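Open the model in your viewer and keep the sequence panel beside it. We will go from the whole chain to single residues, one selection at a time.

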Amino acid sequence: MITSAANQKIKRIAQLNKRTSLRKRENVFVVEGLKMFLEAPEEHLEEIYVSESFLRNPENREAVRKLQKLGYEAVADQVFGKMSDTQAPQGILCVLRQFDWRPEQVLEKGGNPLFLVLESLQDPGNLGTIMRTGECAGITGLIMSRDTVDVYNPKTIRATMGSIYRLPFLYTEDMGELLQAMKRKGIAVYAAHLKGSKRYDEADYREAAAFVIGNEGNGLKEETAALADGCIRIPMAGKAESLNAGVAAALLMYEAARQRRWRTE
């Protein structure tokens with residue numbers, strides 16, 4: 001059992017939570033909580049740490065049986081808090097290998113794809129919420145510009161509520177080339193823009209489509225919006241300048257889901 005906060009494993013986990021560069025270098029990320037452990041794909045699990053009190057809690061019997069099969073390292077309660085990124089740790093923490101979705105795996109999916117494309121999003125909670133909502137709305141995949149916040153940020157991970165395990169995602173170095181590639185594949189690209197010529201509920205998303213949403217404060221770059229097949233806007237009353245990016249994404253994804261359900265009913 002690890003009983004000292006000076007233990008190198010404890011220090012490393014704390015640094016993995018804080019530093020994007022270290023997560024990239026080691027190609028791993030950290031998840032916390034019982035739900036995230038139980039849903040984690042076993043082929044990606046690399047390390048599991050569990051507190052003393054978690055192991056003693058009779059409510060965790062199912063999880064303990066799984067832990068005994070997979071293997072784990074016990075950590076004293078007072079030390080576990082030093083490696084956790086949460087105010088109230090649940091007593092179980094895992095290190096997982098990062099996902100390696102390739103463009104062809106995401107873009108070449110058959111059927112009638114629906115993508116969400118994010119440019120320069122900076123809020124980790126927004127990104128995690130968008131990923132969770134995207135899975136619920138049934139999108140095909142999530143694509144992000146390279147300067148979008150790290151999807152493995154602990155706040156993002158928590159906000160996904162496990163969707164990061166299931167929704168394909170990738171970063172792109174060239175947003176312009178990505179959008180052109182989508183259009184060549186017959187995917188209609190819609191840019192969310194305050195100056196959109198159509199309301200979001202006037203366009204037709206029943207065929208292959210992608211929504212592009214920009215930075216929380218500045219929106220989409222003009223050159224990115226210019227590459228879209230059309231710009232759409234979400235009407236707003238009051239004096240607010242814009243919607244939260246996560247809310248805007250949810251409205252668009254669920255409008256597409258509604259239209260597609262109507263087509264099949």
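**Before you click**

This is a predicted model, in which local features need pLDDT of at least 70 and side-chain atom pairs count only at pLDDT 80 or more, while totals for chains, interfaces and linings use all residues. Residues are numbered from 1 along each chain as its sequence is written, and side-chain values use heavy atoms, with hydrogens and water left out.

**Stop 1: the whole chain**

The C-alpha trace spans about 60 × 40 × 35 Å along its principal axes.

Of the 265 residues, 50% count as buried; buried means under 20% relative accessible area, exposed over 50%, and partly exposed in between, with a 1.4 Å probe and protein chains only.

Where do the charges sit on average? The mean positions of the 37 positive and 35 negative charges are 2 Å apart. Here Lys and Arg count as positive and Asp and Glu as negative, with His and the chain ends not counted; each charge is placed at NZ of Lys, CZ of Arg, CG of Asp or CD of Glu.

One more value for the chain as a whole: among contacts between residues at least 6 apart in sequence, 78% join residues at least 24 apart. Contact means heavy atoms within 4.5 Å.

**Stop 2: the four-stranded sheet**

Select S1, S2, S3 and S4. They form an open sheet in the order S1-S4-S2-S3, with mixed pairing; two strands pair if DSSP finds at least two bridges between them. S1 and strand S3 (73-75) are at the edges with a single partner strand each, so one side of each is left without a neighbour in the sheet. Neighbouring strands here are turned by 20 degrees against each other on average, direction ignored.

Zoom in on S1 and strand S4 (residues 92-97): five bridges join them in the antiparallel sense. Valine 31 stands opposite cysteine 94 in S4.

H1 lies across S1, strand S2 (45-51), S3 and S4, running at about 95 degrees to S1. For such angles, axes are lines fitted to C-alpha atoms, for helices over the stretch in contact, and the angles run from 0 to 180 degrees between N-to-C directions.

**Stop 3: leucine 67**

Select leucine 67 in helix H5 (residues 61-70). Is leucine 67 buried or exposed? Leucine 67 counts as buried because its relative accessible area is 0%. Leaving aside residues up to four places away in sequence, leucine 67 touches Phe37, Ile48, Val50, Phe54, Leu55, Tyr72 and Ile92.

**Stop 4: the seven-stranded sheet**

Move to the other sheet. Which order do its strands take? The seven strands of this open sheet run S7-S6-S5-S10-S8-S11-S9, with parallel pairing. Strand S7 (169-172) and strand S9 (198-199) are the edge strands, each pairing on one side only.

Select strand S8 (residues 188-192) and strand S10 (residues 209-213), which run parallel and are joined by four bridges. Valine 189 has alanine 210 in S10 as its bridge partner.

Then bring in two helices. Helix H8 (residues 124-137) packs on the sheet, touching strand S5 (114-118), strand S6 (141-145) and S7, and its direction makes about 155 degrees with that of S6. Helix H10 (residues 175-184) also packs on the sheet, touching S5, S6, S7, S8 and S10, and its direction makes about 165 degrees with that of S5.

Finish the sheet at strand S11 (residues 230-233). S11 pairs with S8 in the parallel sense over three bridges, and with S9 in the parallel sense over two.

**Stop 5: two positive phi angles**

Select asparagine 27, in the loop between helix H2 (20-26) and strand S1 (28-32). Its phi is near 60 degrees, a positive value in a residue other than glycine. Asparagine 27 counts as partly exposed, at 35% relative accessibility.

Last, select serine 120, in the loop between S5 and H8. Serine 120 is not a glycine, yet has a positive phi of about 65 degrees. With a relative accessible area of 9%, serine 120 is buried.
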